[in-house]
Protein chains: 2
Amino acid sequence: MPDSFIPPQRTLMGPGPSDVSDRVLAALARPTIGHLDPAFITMMDELKGLLQSAFRTRNALTLPVSAPGSAGMETCFVNLIEPGDTVIIARNGVFGGRMQENADRCGARTITVDDEWGRPVDPDKIEDALRAHPEARILAFVHAETSTGARSDARALCALATQYDCLSIVDAVTSLGGIDVDVDGWGADAVYSGTQKCLSCVPGLSPVTFGDRAVARIHARRRKAQSWFLDLDLVMGYWGGEKRAYHHTAPVNALYALHEALLILHEEGLENAWRRHALHHRALAAGLEALGMTFVVAPEWRLPQLNSVRIPAGLDDAAVRRRLLEEYSLEIGAGLGPFAGQVWRIGLMGHACRRENVRLCLQALGHLIGEADAAIDADAGISAADAAYTAA
Amino acid sequence: MPDSFIPPQRTLMGPGPSDVSDRVLAALARPTIGHLDPAFITMMDELKGLLQSAFRTRNALTLPVSAPGSAGMETCFVNLIEPGDTVIIARNGVFGGRMQENADRCGARTITVDDEWGRPVDPDKIEDALRAHPEARILAFVHAETSTGARSDARALCALATQYDCLSIVDAVTSLGGIDVDVDGWGADAVYSGTQKCLSCVPGLSPVTFGDRAVARIHARRRKAQSWFLDLDLVMGYWGGEKRAYHHTAPVNALYALHEALLILHEEGLENAWRRHALHHRALAAGLEALGMTFVVAPEWRLPQLNSVRIPAGLDDAAVRRRLLEEYSLEIGAGLGPFAGQVWRIGLMGHACRRENVRLCLQALGHLIGEADAAIDADAGISAADAAYTAA
């Protein structure tokens, strides 16, 4: 018979999940209550307010979908697309590709606009596509590409969507809480995120927010959304309004944890959180470069919370990541798709974005890189990071 | 600014979530690790084995869907139905109706066979429908109707499905762990359940299992499943095989909790768990009847874990449930649909199925009923339950 599972204590510097604080884990483990309990309803209302603050929106339709970020993505697509709709999708990494898969499965006519992995979405190419397809009803793009570490100009892209009478769908899974996500300021129509990145909550929920134009589109649907579970008309019966009609059983404890994680972000303040991510990113980047590593993404488009670096020649990707895990209990992320075996993705997300993690990562990588290449000083990374902190 | 949310300590005797033990809550709060961590993969394999035991199946395709039971239902429908398929659905409560909604949204031609709420699905009517629709490809029914407390004869219904060359889809959300769910013995093709009922885990996951005929149907699909998130071809890349390809970020901590909850069930033994549910049901039923209440479901079809009783005349449904919550911190379930305001649903699920809960419920109801009706002895319920325990 198996035993109780006691996980190792890791430092999580991959593409998510990120380190979860004791405070969030304690919230998670509080006693389960009913999903229609008045005390729970009060908590839901607070959670909604905290989510609106994090998203910088006044959208009433703002809630956590009861499933991971991929389901948040699907929520946007199944509610906003009807079969035959033309959808323009920007693809500069894995998650743009996933958007396309979603749109295809909704019966959309999908127009894909590709940019090189590691580059931001090019607004000029998007504008060309919008001009060429005046029938398009949706523009979808990824704000922070978790597969590459590139940020795109969400403000410019949302403005183009509005200008060409499209709704925008924005993937903010990795950005929310780490860099500015300004839903109302951008005029974004539908945005989804995840809990296990810069919010440092456990994985399994997907915050979403929908603006008035998106809600109007949902109300004007000619046929029901193809997903019952993700149908916002039904979900809103539980999350919105007075009646709180049962739709599905909410993941009660995970929502306690998200409430606590959002409260922590609120206490720190959004701008302080962004500054913290920028600070530790600068230190980590200085250290990685001192160890001879190069970034995939140009400085102006780099996500502070997701650092994609090329794996130094002569190092075995899987072997190094295994040793980091076994010798340092440190997780960093592998490359995906064309980046597999070529790139590491080093996360500095939420609670994991702190000085001791930067130092641990640089110490561990310094050790393994120095071992493989005598020309590299194993301590150079930490020294460079410390200098960056001193200069800050 | 809101404070941390400290939920009240409830006794959960509604239709789920049920009481979650400290052991499961402690597992839930263990440190988050990566969803591709080797330690996590080992845990997943154990969890799969424990789920197979609970479902009484050797099906390789047995795993927890990363979302609540409604998503487990949708997983079965979107993977097994192609547009135009004829699907026969037995409907004797809310969840049969939800199955129909799911099938409709998959583009099925849906044939609904109705039975009265509180009655089991009638196999004769199902056989008539199967005879009348030789083109039918799926028979879907609910084993344990959570909205009414009625059990149906899953063995007979699965046998009919096989006889008429249909796949069976079985809702075992409320049955798993509380009464016999014999997936291989029944020859069931696709079965889904939930974690927050007789498994007494937190809500948010949906165990599913698919047999060989169902897997063959998935492999023979002409078009992809309409849901990317629930596409088992993709999900299996993560849960099955050697490679563990990333699909979505698993709800790591919730899976710790499910592992622990299944371990607890395994330690007790399935048959002991069923006996425990039967024992406390008998005591509760004796007590409720001593308080003058009557059951909705005939004895031979009653679910021990979900007791639907008519609300005594002269009592205000909502007011009584509010007082139970406020004065006893006890949750019982309201009626749904035509049962709203007419029926209470009293759960005895998993960890909540124990003598102190039976006594608390009878004491609380006895007090409130006795207050409203001088002819009722407030202690009669507890006395009758105690006598039932003594006789057992």
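Biologist: In which loop of chain A does A:Pro17 lie?

Modeller: Please keep in mind that this is a predicted model. A:Pro17 is joined to A:Gly16 by a cis peptide bond, with omega about 5°. As for its place in the chain, A:Pro17 lies in the loop between β1 (11–13) and α1 of chain A.

Biologist: And what is the omega of the peptide bond from B:Gly16 to B:Pro17 in chain B?

Modeller: In chain B, B:Pro17 is placed in the loop between β1 (11–13) and α1 (22–28). The bond from B:Gly16 to B:Pro17 is cis, and its omega is near 5°.

Biologist: How many other C-beta atoms lie within 10 Å of A:Ser329?

Modeller: A:Ser329 also calls for a look at phi, which is near 50°, a positive value in a residue other than glycine. A:Ser329 is found in the loop between α12 (317–328) and β12 (330–334) of chain A. This residue is classed as partly exposed, and the number of other C-beta atoms within 10 Å is 15.

Biologist: Let us move to the strands. Which residue of β5(A) does A:Thr86 stand opposite?

Modeller: Strand β5 (residues 136–142) of chain A is mostly covered, with six of its seven residues buried. Strand β3 (residues 86–91) of chain A pairs with β5(A) in the parallel sense, over four bridges. Within this pairing, the residue of β5(A) that stands opposite A:Thr86 is A:Ala136.

Biologist: Which residue in β8(A) stands opposite A:Leu139?

Modeller: β5(A) also pairs with β8(A), in the parallel sense and over five bridges. In β8(A), the residue that stands opposite A:Leu139 is A:Ser168.

Biologist: In chain B, what is the bridge partner of B:Ile89 in β5(B)?

Modeller: Strand β3 (residues 86–91) of chain B is mostly covered, since five of its six residues are buried. β3(B) pairs in the parallel sense with strand β5 (residues 136–142) of chain B over four bridges. In β5(B), the bridge partner of B:Ile89 is B:Ala140.

Biologist: Through which helix does the chain cross from β3(B) to β4(B)?

Modeller: β3(B) and strand β4 (residues 109–114) of chain B pair in the parallel sense over six bridges, and B:Ile89 stands opposite B:Thr112 in β4(B). The β-α-β crossover that links β3(B) to β4(B) is right-handed, and the helix through which the chain crosses is α4 (residues 94–105) of chain B.

Biologist: Within chain A, how many residues of domain 1 take part in the contact with domain 2?

Modeller: Chain A is divided into domain 1 (21–266) and domain 2 (270–391), and the centres of the two domains, taken over C-alpha atoms, are 29 Å apart. The side of domain 1 of chain A that touches domain 2 of chain A has nine nonpolar, 10 polar and three charged residues. The contact takes 22 residues from domain 2 of chain A, and from domain 1 of chain A the number is 22.

Biologist: Which element gives the most to the side of chain A that touches chain B?

Modeller: The contact takes 62 residues from chain A and 62 residues from chain B. The elements of chain A that give two or more residues to this side are α1 (22–28), α2 (38–55), α3 (69–80), α4 (94–105) and α10 (252–268). By class, the side of chain A that touches chain B has 32 nonpolar, 19 polar and 11 charged residues. The element that gives the most, with eight residues, is α10(A).

Biologist: What relation holds between chain A and chain B?

Modeller: Chain A can be laid on chain B with an RMSD of 0.0 Å by a turn of 180° and a shift of 0.0 Å along the axis.

Methods
Residues numbered from 1 in each chain as written. Chains lettered and ligands numbered in written order. Predicted model: local features only at pLDDT ≥ 70, side-chain atom pairs only at ≥ 80, totals over all residues. Domains from an automatic or database assignment. Contact = placed C-beta atoms within 7 Å. Nonpolar A, V, L, I, M, F, W, Y, C, P; charged D, E, K, R; others polar. Buried ≥ 20, exposed ≤ 12 C-beta atoms within 10 Å, placed from the backbone. Pairing = 2+ DSSP bridges. Right-handed = clockwise from strand over helix to strand, strands pointing away. Least-squares fit on C-alpha atoms with pLDDT ≥ 70 in both.
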